[in-house]
Amino acid sequence: MSFLALDGLVKRYDGTAAVDGVSLALERGEMLALLGPSGSGKTTTLRLLAGFEIPDAGRVVVDGEDVTRTEPVARRFGMVFQHYALFPHLDVSENVAFGLESLGVRGEELGRRVAQALALVDLAGYERRRIAQLSGGQQQRVALARALAPEPRVLLLDEPLSNLDPTLRERTRREIRDLIRRVGITTVLVTHEQDEAFELGDRVAVLRQGRLEQVGAPDDLYASPANLFVGGFVGRGSTLPVTVLGTVERGVRVRIDEVEWDLERASAQPAPPPGPATMLVRPEALRLAQAGPGALPATVTGRRFVGPSALFTVLAESGSLIEVVAPPRAVKIGERVGVMPSRRAGGGIHLFPPESR
Amino acid sequence: MIRSRRSQIIGATLLLLLVWLVVYPLVLVLIEGVRGPEGWTLEYVRLFLDRPTEWQALWGSLWTSLASVVLAAVIGVPLAFLFSRYDLPGGRILSALVALPAVLPPLVGVIAFMFLYGETGFVSLLVQRLLRLQEPPWRLQGAGAILLVHAYSMYVYFYLLVSAALAGLDASLFEAAASLGAGRWRTLRRVVLPHLYPALGGAALLTFMTSLASFSAPYIFGGGFRVMTTQIVATRLNGENALAMVETVSLTGLALTALWLLRGSQPSSNAAGGRKGTAPERLPVSSRPLRLVLAALAWSLAGVLLLPHLTLLLVSFVPLGTWTTEPLPPEYTLRNYLTLVQDPVRARPLVNSLWLATVATVAAVALALLGAIVSVRRRIRGGRLIEGLLALPWAVPGTVFAIALATAFSVNAPHAGRFLLVGTLWILPLAYLVRNLPITSRAILAGVRALDPSLDEAAATLGARRWRTLRRITLPLLRPALLAGASLAFVTAFGDFVTSIILYTYDTRPISMEILSSLRQSDVGVAAAYGVVLMLVSGAVFALGAERGSAG
């Protein structure tokens with residue numbers, strides 16, 4: 001039995017469902033990232049978990065206890081808010097002590113546990129600082145220490161990195177992950193950044209318009225997206241209208257513009273029926289070649305340097321823009337090229353029913 | 001936040017209370033004006049319409065208010081520009097001095113003007129001697145005198161609001177305009193002025209409404225000149241009660257019409273806040289002669305502005321009956337102040353005003369805080385209505401509310417929500433409370449709006465129940481707003497004249513009424529001493545509110 005379960009949660013505002021039947025289950029100590037664009041219902045889901053909102057249907061169960069209607073005060077869920085919500089008139093240690101005092105912790109024990117929580121986030125010695133004197137990163141660590149000090153059953157993080165400088169984000173991401181691992185607390189975080197979701201989440205739940213599209217480990221989401229939305233939202237990729245001509249040995253044959261490609265099928269996917277389809281293709285699943293048979297004719301329109309290779313944008317004659325990875329100096333802008341599936345493209349090309357977006 | 005049932009019940013109770021306090025008395029006035037001994041009648045309305053004096057009074061109110069707006073703007077706006085844009089010697093002190101008329105309660109300002117520019121005032125006598133005139137050079141009476149007082153006390157609105165707007169201008173706007181080739185005038189016209197429109201509109205509205213409601217200046221200096229506020233009080237003294245009701249309705253109508261016409265230009269409480277960038281640096285005045293001229297002008301202006309305060313102080317040391325025709329009083333004494341403390345009859349108004357204002361302030365702050373929390377934080381149904389009712393008394397002149405309360409609470413009919421309060425201790429605190437609701441709730445609403453709602457949620461996830469959150473988080477963070485609201489309310493109530501003159505009783509006579517009766521007995525020294533006390537207490541409370549406000 002899972003430690004934290006969200007069971008068919010529904011929340012409507014003025015008739016429209018912000019969260020529409022979301023069910024998730026987390027093991028004790030697991031980290032789950034809720035990923036989705038704005039308006040996907042991820043923040044509402046988090047607020048239902050925290051108890052700020054009461055769902056119209058469904059249940060939240062933690063450790064076998066139904067807390068759906070338990071007030072936030074009594075839920076013992078820790079939360080780090082997007083803008084931290086530190087109490088500006090209290091100093092660092094008073095902020096961290098606030099939740100402990102609610103539990104009746106007093107005197108020496110209080111001091112000991114505040115110190116412990118601050119040591120955990122590497123802020124020992126900052127007890128008497130005012131909140132306004134801290135950097136953004138330090139404020140975030142105080143917020144973490146404050147949420148963790150009362151030893152909550154579940155930790156909730158709302159866009160934990162959105163308030164930090166881009167240069168700080170990557171480091172902070174690692175620090176948060178290591179810290180949560182060390183504490184071993186069951187964690188749900190909300191983000192719209194896939195990098196963040198991939199690094200912090202053991203599993204990632206992709207939401208769209210209040211519905212859960214897919215849950216899985218980051219590499220599973222990338223390798224086998226359940227639908228075009230997940231495929232497009234997770235990782236880079238181009239979408240092309242194609243026609244499925246039929247199955248061939250170990251794969252399917254498709255026609256793009258006037259060209260036919262034989263694609264190796266990814267194992268899990270059912271064979272698509274013949275007829276129109278939408279193809280999602282990762283940049284690394286394609287290669288640039290001489291124009292010729294089997295190559296889709298296109299013109300190079302852009303190049304973005306990304307280290308050892310470059311990401312080229314090419315314009316097919318049908319008007320589709322396609323991204324292809326190639327060595328940085330492979331082609332020049334304006335050059336006419338051919339696009340072909342790379343030899344081991346199987347995991348990087350997905351076929352979906354047409355307009356399934 | 002979840003709309004809880006408890007918040008909804010508190011909100012509904014508050015709503016009822018406000019309707020009873022703010023709307024119900026006004027409705028009763030409306031009814032009394034069309035009801036005679038034998039039922040409904042339009043007799044009094046006809047009487048009102050037929051009398052030319054009524055039209056004169058209404059017209060007098062309207063045009064003096066418009067003229068006050070123009071005068072206040074002409075003084076206040078250039079001053080704001082001068083002090084915000086140019087670096088003058090002693091500029092910081094000066095810009096503080098310029099706001100000083102604000103610490104003079106209306107009646108005190110009026111008597112200070114009388115001591116200065118009245119028939120035997122210092123300035124009048126000085127001019128008379130210098131020019132060797134037989135008579136005083138002017139008579140401080142009629143519309144001119146009223147406008148003089150209004151201009152003096154109300155330019156502060158323009159000065160403060162425009163200064164705040166100028167301080168809120170981003171310096172990069174000027175740089176951008178300059179880089180786009182705009183000269184100084186074009187920048188002023190196209191960049192600065194449009195930015196100032198809200199401040200100008202807000203100040204104009206504030207001045208107009210204050211001037212329309214002004215009572216002290218017309219009452220003391222009006223002479224034969226009629227405005228509606230004094231007309232109402234006179235009609236009531238004549239015993240024509242129903243006619244006074246019709247007049248009250250007409251003045252309310254004028255105020256509401258003005259508000260409706262100028263709607264949208266209410267000064268928003270955070271007009272200057274929340275923008276990025278830095279305020280433009282003050283420009284140094286490089287030319288030395290110009291610098292001297294500007295400085296001399298600014299300092300002599302500050303002198304003129306300070307004259308009423310100084311006069312009050314001087315006169316407060318004059319013993320009774322010693323000062324007749326000399327330009328300066330021949331004798332000085334501390335007796336007047338000692339009397340205020342030692343003579344129980346003289347001390348009574350001080351004590352009265354203190355407790356009346358304190359009760360009214362505490363009640364106003366409590367109601368405003370409750371209203372702000374249920375409306376902004378709990379987002380109950382009817383929250384906007386509560387905010388509207390809290391703000392409503394601002395739109396209605398003080399005289400109107402005094403008459404309305406005097407009407408509503410002059411009979412004992414508990415089933416109709418009317419209690420006999422007129423003539424008791426409680427009518428004045430009630431009147432002050434109603435009058436204080438708008439300024440108090442404006443400050444407190446702004447404070448509550450600025451509170452991050454996730455602070456409440458954070459406290460909840462940390463296990464703090466509602467009371468602990470209120471005590472440890474909400475109230476400490478609201479302290480600046482609460483203090484600002486309370487200090488404004490206290491100062492207004494402490495110096496109140498306009499409602500007191502209609503509702504006071506001998507036992508609850510406030511300082512303003514005692515000043516008036518001292519003047520009637522020609523005891524100018526004691527009147528001035530009371531005035532100085534009012535001025536000092538107002539100044540101290542303002543300073544306290546502002547200092548705590550900025551420290552938090």
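**Close-up views of the predicted model**

**View 1. The open sheet of chain A comprises six strands in the order β6-β7-β8-β3-β9-β10, with mixed pairing.** Here strands (E, at least two residues) and helices (H or I, at least four residues) are DSSP runs numbered from the N terminus, and two strands pair if DSSP finds at least two bridges between them. Because β6 (77-80) and β10 (211-216) of chain A each have a single partner strand, they stand at the edges, and one side of each is left without a neighbour in the sheet. Neighbouring strands of this sheet are turned by 20° against each other on average, direction ignored, the axes being lines fitted to C-alpha atoms, for helices over the stretch in contact, with angles otherwise running from 0 to 180 degrees between N-to-C directions.

**View 2. Strands β3 (residues 31-35) and β8 (residues 186-191) of chain A run parallel and are joined by five bridges.** Within this pair, A33(A) stands opposite L189(A) in β8(A).

**View 3. Helix α5 (residues 136-148) of chain A packs on the sheet.** This helix touches β6 and β7 (154-158) of chain A (contact means heavy atoms within 4.5 Å), and its direction makes about 175° with that of β6(A). Helix α6 (residues 166-183) of chain A lies across β3, β7 and β8 of chain A, running at about 170° to β7(A).

**View 4. L477(B) is placed in helix α20 (residues 466-494) of chain B.** Not counting residues up to four places away in sequence, L477(B) touches P88(A), H89(A), L451(B) and L455(B). The C-alpha atoms of L477(B) and G447(B), which are 30 residues apart along the chain, are separated by 8.5 Å.

**Notes.** Residues are numbered from 1 along each chain as its sequence is written, while chains are lettered from A and ligands numbered from 1 in the order in which they are written. In this predicted model local features need pLDDT of at least 70, side-chain atom pairs count only at pLDDT 80 or more, and totals for chains, interfaces and linings use all residues, whereas side-chain values use heavy atoms, with hydrogens and water left out.
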